[in-house]
Amino acid sequence: MSEHPRQPSVDVHVVVVTVSDRCARGEAEDRSGPLLVGLLADAGYRRVGTDLVPDGAASVRDAVARAVASGARVVLTTGGTGVGPRDLTPEGTRLVVDQEVPGIAEELRRRGAAHVAAAVLSRGIAGTSPGPDGRVLVVNLPGSTGGVRDGWAVLEPLVPHVLSQLGGGDH
C-alpha cells in the first residue's frame with residue numbers, strides 16, 4: 001500500500017480477479033491481488049470485490065462475466081498474461097469484451113518495460129463490455145507485484161475519464 005493519505009471515497013464497483021493455478025490450488029500465496037485491492041483502497045475505491053481462479057480461458061471468461069454481471073464497472077485481472085502454455089487470460093477476456101482499447105495495453109507494456117525488459121512479453125488486453133449498470137472497463141495486468149504497481153500507475157488517472165466516456169461523457 002502507498003504512503004499517501006486515503007482519497008475521498010469513489011462510488012464505483014471494482015472487481016479484482018487473480019488468475020493463478022498455484023494460488024487456486026493453495027500452493028502459493030496471492031500477492032498481486034491483495035496489493036491491487038490495497039492500491040484501489042488508497043485511491044478511494046471502497047466497493048472492491050475479489051475472485052481467484054485457475055489459469056485457462058474458460059475460468060477467466062467465467063470470472064470476468066461474473067464480475068460484469070455483479071454490476072462491476074471496472075474489472076482488473078492479474079496473472080496469466082505471459083507466454084506459458086496455461087497463460088490464457090487474454091483469450092478468456094476476449095470472450096467477454098466487445099471493444100478492445102489497445103492503447104491501454106500498449107502503455108502497460110511500455111511502462112513495465114521501463115523497469116523490467118520481460119514486460120514486453122505480457123499479452124494482456126484492455127477493453128469494454130456491456131454490463132447491467134453500464135459499460136465496463138476490463139484490463140489484464142501481469143501477475144507480478146511490480147507489474148500491478150506499474151499497471152495501476154497507468155490506470156489510476158485514466159479510470160475516471162474512461163468511466164465518464166463509457167457513460168456518454170464528452171471527450
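Helices (H or I, at least four residues) and strands (E, at least two) are DSSP runs, numbered from the N terminus. By that definition, serine 32 lies in helix H2 (residues 32–42). The model is predicted: local features need pLDDT of at least 70, side-chain atom pairs count only at pLDDT 80 or more, and totals for chains, interfaces and linings use all residues. Residues are numbered from 1 along each chain as its sequence is written, and side-chain values use heavy atoms, with hydrogens and water left out.

- Five of the five residues of strand S3 (residues 74–78) are buried, so the strand is largely enclosed by the rest of the structure. Buried means under 20% relative accessible area, exposed over 50%, and partly exposed in between (1.4 Å probe, protein chains only).
- Both faces of S3 are covered, with Val74, Leu76 and Thr78 buried on one side and Val75 and Thr77 buried on the other.
- S3 pairs with S1 in the parallel sense over five bridges; two strands pair if DSSP finds at least two bridges between them. Threonine 18 stands opposite threonine 78 in S3.
- S3 is also joined to strand S6 (residues 136–141) by five bridges, and these two strands run parallel. Here leucine 76 stands opposite valine 139 in S6.

**Largest pocket**

- The volume of the largest pocket is about 620 Å³. Pockets are found on a 1 Å grid over the protein atoms alone: a cavity is a set of points where a 1.4 Å probe fits but cannot get out, whereas a pocket is an open set with protein on both sides within 12 Å along at least five of seven lines. Grid points are joined across faces, edges and corners, and a volume is the space filled by probe spheres set on the points.
- Lining residues have an atom within 4 Å of a point. The largest pocket is lined by 38 residues, of which Thr81, Pro142, Gly143, Ser144 and Gly147 lie nearest its centre.
- S1, helix H1 (21–24), H5 and helix H6 (145–166) each supply at least two residues of this lining. H6 gives the most, with five residues.
- By residue class, the lining of the largest pocket holds 11 nonpolar, 19 polar and eight charged residues. Ala, Val, Leu, Ile, Met, Phe, Trp, Tyr, Cys and Pro count as nonpolar, Asp, Glu, Lys and Arg as charged, and the others, Gly among them, as polar.

**Individual residues**

- Serine 32 counts as buried, at 5% relative accessibility. Not counting residues up to four places away in sequence, serine 32 touches Thr78, Gly143, Ser144, Thr145 and Val148; contact means heavy atoms within 4.5 Å.
- Threonine 128 lies in strand S5 and counts as buried, at 2% relative accessibility. With residues up to four places away in sequence not counted, threonine 128 touches Val97, Asp98, Gln99, Val101, Arg135, Val136 and Leu166.
- Aspartate 98 is placed in the loop between H4 and strand S4 (99–100). Leaving aside neighbours within four places in sequence, aspartate 98 is in contact with Thr128, Ser129, Pro130 and Arg135.
- The C-alpha atoms of aspartate 98 and glycine 38 are separated by 29 Å, and the two residues are 60 residues apart along the chain.

**Salt bridges**

- Side chains of opposite charge can pair when their charged atoms come close. A salt bridge is a side-chain nitrogen of Lys or Arg within 4 Å of a carboxyl oxygen of Asp or Glu, and by this rule the count comes to 10 salt bridges.
- Arginine 47 forms a salt bridge with aspartate 11, with the closest N and O atoms 2.9 Å apart. The pair links distant parts of the chain, arginine 47 being in strand S2 (residues 45–53) and aspartate 11 in strand S1 (residues 10–19), 36 residues apart. Arginine 47 is partly exposed at 40% relative accessibility, whereas aspartate 11 is exposed at 62%.
- Arginine 123 forms a salt bridge with glutamate 91, with the closest N and O atoms 2.7 Å apart. This pair also links distant parts of the chain: arginine 123 is in the loop between helix H5 (102–113) and strand S5 (126–129), and glutamate 91 is in helix H4 (residues 89–94), 32 residues apart. Arginine 123 is partly exposed, with a relative accessible area of 27%, and glutamate 91 is partly exposed at 29% relative accessibility.
- Salt bridges that share partners join Glu107, Arg110 and Arg111 into one network.
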